[in-house]
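Here is a short briefing on a protein model. Keep the sequence and the 3D view open as you read.

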Amino acid sequence: MKETHRGARTEALPVLAPADPPCERCRALCCRYYALEIDPPEDEDDFEDLRWYLLHRRSWIWVDDGEWYLQVDEECRYLGDDGRCGIYQQRPRICREYGVDPTDEPRCDYFVDVEKHDLEFREPEEMAAYARRFLARREAERRRRSAAAKKGWQRRRAARQKRDRRSS
Ligand code: SF4
Ligand code: SF4
């Protein structure tokens, strides 16, 4: 009987194809957390919600290529002490499909030594500090655009007045 961490010890498991992840050599890394994509924050309220997530232990937020994710480092309740799945034949779709697509590189957590994200927030204070910088930058940009729009409007009005003076 071939076994991987995902296989219940009493079940006969399918033989892994060469493209399958090497679960038999892994500590069940993918069963020890879950991550959900979340909306990128836009305003103070959004940042307050993110700060609230981070108040919870084992929760953190990471960002890659502009996409934001909430990760909770909590293992699955069906992961056994021996690293095997306790509900192998009934495991959810997301578990069945994870890591088996050979076009998805790297295929699973096993192949990622140290995952470095563009941004990582592990403490509420980190998010609060980032929010202050983000909102200050956005406010400066809003003022710059507003000033540019005002100058453009003033220039157009001056040109119109000049034309009116010439034609009168
Ligand atoms: S991280 Fe990859 S190798 Fe490890 S258990 Fe999950 S799918 Fe298998
Ligand atoms: S259901 Fe099984 S394979 Fe899926 S996360 Fe839980 S222990 Fe892992």
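Which residues come nearest to ligand 1? They are Cys23, Cys26, Cys30, Cys108 and Tyr110, out of 13 residues around ligand 1. The model is predicted: local features need pLDDT of at least 70, side-chain atom pairs count only at pLDDT 80 or more, and totals for chains, interfaces and linings use all residues. Residues are numbered from 1 along each chain as its sequence is written, while chains are lettered from A and ligands numbered from 1 in the order in which they are written.

**The two ligands**

- A residue counts as near a ligand if its C-beta atom, placed from the backbone, lies within 6 Å of it.
- The shell around ligand 1 divides into 10 nonpolar, 2 polar and 1 charged residues.
- Here Ala, Val, Leu, Ile, Met, Phe, Trp, Tyr, Cys and Pro are nonpolar, Asp, Glu, Lys and Arg are charged, and the others, Gly among them, are polar.
- Ligand 2 is surrounded by 10 residues, and Cys31, Cys76, Leu79, Cys85 and Cys95 are the closest.
- Its shell has 8 nonpolar, no polar and 2 charged residues.

**The sheet**

- Four strands form an open sheet, in the order β1-β3-β2-β4, with antiparallel pairing.
- The edge strands are β1 (34-38) and β4 (119-121), and each pairs on one side only.
- On average, neighbouring strands of this sheet are turned by 20° against each other, direction ignored.
- Strands are DSSP runs of E with at least two residues, helices are runs of H or I with at least four, and both are numbered from the N terminus.
- Two strands pair if DSSP finds at least two bridges between them.

**Strand by strand**

- β1 and β3 (residues 67-72) run antiparallel and are joined by 5 bridges.
- Ala35 stands opposite Gln71 in β3, and Ile38 has Trp68 in β3 as its bridge partner.
- β2 and β3 pair in the antiparallel sense over 6 bridges.
- Asp64 stands opposite Glu67 in β3, and Trp60 has Gln71 in β3 as its bridge partner.
- β2 and β3 form a hairpin with 2 residues between them, and Asp65 in the turn has a positive phi of about 50°.
- β2 and β4 also pair in the antiparallel sense, over 3 bridges.
- Val63 stands opposite Leu119 in β4.

**The helices**

- Helix α1 (residues 44-55) lies across β2 (59-64), β3 and β4, and runs at about 130° to β2.
- Axes are lines fitted to C-alpha atoms, for helices over the stretch in contact, and angles run from 0 to 180 degrees between N-to-C directions.
- α1 packs with helix α3 (residues 124-167) at an angle of about 165°, and their axes are 8 Å apart.
- α1 and α3 are therefore roughly antiparallel to each other, a term for angles over 145 degrees.
- Which residues of α1 and α3 make the contact? From α1 come Glu44, Phe47, Leu50, Arg51, Leu54 and Leu55, and from α3 come Pro124, Met127, Ala128, Ala131 and Leu135.
- Two residues are in contact if their C-beta atoms, placed from the backbone, lie within 7 Å.
- The residues of this contact of α1 with α3 divide into 9 nonpolar, no polar and 2 charged.

Methods:
Angles under 35 degrees count as roughly parallel, over 145 as roughly antiparallel, 65 to 115 as roughly perpendicular and the rest as oblique.
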